[in-house]
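These are my notebook entries on one structure. I record what I looked up, entry by entry.

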Amino acid sequence: MLQQILTDLKPYNAQLVAVSKTKPADHILEIYEQGQRIFGENKALDLQEKYEALPKDIEWHFIGHLQTNKVKYIAPFVSLVHGVDSLKLLKEINKQAKKNERVIDCLLQFHIAEEQTKFGLDLETANELLNSSTFKIFQNIRLIGVMGMATFTKDKAQVEREFKILKGIFDALKAAFFKDNAVFKEISMGMSGDYKLAVEEGSTMVRVGSLIFGNRVYVKK
Ligand SMILES: *Cc1c(COP(=O)(O)O)cnc(C)c1O
């Protein structure tokens with residue numbers, strides 16, 4: 001399946017984040033041995049544990065909702081934080097990045113779905129954030145684009161509409177804040193069920209889990 005996904009992404013030059021959440025290290029290693037180097041996790045402590053257990057040339061992405069008190073666990077090594085949705089979180093990432101003498105790449109997460117449960121900014125709040133004097137002094141974070149999750153639905157037209165909204169948000173921010181900034185270029189959208197549609201709509205980075213690893217089994221703790 002991995003090769004098929006990569007073949008599908010190739011014409012669009014989009015990157016694949018293999019979402020390995022809930023999957024054990026040996027299963028991740030199997031996919032690694034097929035050539036995949038970018039993996040995504042949505043729990044800070046799981047991510048830290050897997051980072052320690054697995055080869056060091058893996059690029060680890062944090063893809064979920066990150067709590068400020070968990071940033072310190074992943075700050076030493078994380079390559080990209082997809083789900084940044086507040087100034088408070090950016091501030092903490094900046095602080096922890098500085099402690100580790102690094103610059104951490106981040107994506108601003110936008111709320112594009114119908115469901116209320118999904119996190120994310122709206123364009124107005126993002127404008128305020130980017131205009132704020134607090135944001136302007138951060139030296140240890142680099143915003144490289146946007147991320148969003150479409151509604152969980154079989155309605156393709158709706159998902160397509162939501163992807164178009166995120167692309168529109170990206171274009172608006174690019175024009176207003178990042179015009180001459182070549183690194184602000186990423187649009188992280190698309191998962192197992194809709195990654196083909198996502199790249200057609202401008203995604204540069206898809207986050208695919210179950211299609212690569214099989215369905216997730218959640219065990220009650
Ligand atoms: C779990 C998850 C994915 C991958 O979902 P699949 O449907 O298994 O491909 C993508 N993005 C985020 C933020 C996730 O939490």
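**Entry 1: H82**

I looked up the neighbours of H82 and found that H82 touches V17, H61, F62, I63, L107, L108, Q109, M147, S188, M205 and R207, leaving aside residues up to four places away in sequence. Contact here means heavy atoms within 4.5 Å. I located H82 in strand β4, residues 80–84. Helices (H or I, at least four residues) and strands (E, at least two) are DSSP runs, numbered from the N terminus.

The model is predicted, so I note that local features need pLDDT of at least 70 and side-chain atom pairs count only at pLDDT 80 or more, while totals for chains, interfaces and linings use all residues. Residues are numbered from 1 along each chain as its sequence is written, and side-chain values use heavy atoms, with hydrogens and water left out.

Is H82 buried or exposed? H82 counts as buried because its relative accessibility is 0%. Buried means under 20% relative accessible area, exposed over 50%, and partly exposed in between (1.4 Å probe, protein chains only).

I then checked the side chain of H82 for polar contacts. One joins it to the side chain of H61 at 2.9 Å, and another to the side chain of S188 at 2.9 Å. A polar contact is a pair of N or O atoms within 3.5 Å; within protein, one must be able to donate a hydrogen and the other to accept it, and residues adjacent in sequence count only if both atoms are side-chain atoms.

**Entry 2: the ligand**

Which residues surround the ligand? I listed V19, K21, I63, M147, M149, M191, S192, R207, V208, G209, S210 and R216. A residue is near a molecule if one of its heavy atoms lies within 4 Å of it.

K21 places a polar side-chain atom 2.6 Å from a ligand oxygen. In the side chain of R207, an N or O atom is 2.9 Å from a nitrogen atom of the ligand. A polar backbone atom of S210 is 2.8 Å from an oxygen atom of the ligand. On its own the ligand has 390 Å² of accessible area, and the protein covers 90% of this. Accessible areas come from the Shrake-Rupley method with a 1.4 Å probe; for residues, only the protein chains shown count as cover.

**Entry 3: D194**

I found D194 in the loop between β7 (186–188) and α9 (195–200). D194 is buried but has no salt bridge, and R207, the nearest side chain of opposite charge, is 7.1 Å away. For charge, Lys and Arg count as positive and Asp and Glu as negative; His and the chain ends are not counted. A salt bridge is a side-chain nitrogen of Lys or Arg within 4 Å of a carboxyl oxygen of Asp or Glu.

What lies beside the side chain of D194? A polar atom of this side chain is 2.6 Å from the backbone nitrogen of M191. Leaving aside residues up to four places away in sequence, D194 touches A150, V159 and F163.

**Entry 4: Q36**

I placed Q36 in the loop between α2 (25–33) and β2 (38–41). Q36 counts as buried because its relative accessibility is 5%. The side chain of Q36 reaches the backbone oxygen of I38 at 2.8 Å. Beyond residues up to four places away in sequence, Q36 touches L2, L6, L16, V17, A18 and I31. I also noted L16 at 20 residues from Q36 along the chain, with 8.4 Å between their C-alpha atoms.

**Entry 5: salt bridges**

How many salt bridges does the structure hold? I recorded eight. One of them joins the side chains of K196 and D8 at 4.0 Å, N to O. This pair links distant parts of the chain, with K196 in helix α9 and D8 in helix α1 (residues 2–9), 188 residues apart. K196 is partly exposed at 47% relative accessibility, whereas D8 is buried at 17%.

I next looked up K167 and D171, whose closest N and O atoms are 3.0 Å apart in a salt bridge. K167 and D171 are separated by about one helical turn because they are four residues apart in helix α8 (residues 156–177).

E186 and K185 also meet in a salt bridge, at 2.7 Å, N to O. E186 counts as buried at 8% relative accessibility, and K185 is partly exposed at 48%. Salt bridges with shared partners join E160, K164 and E201 into one network.
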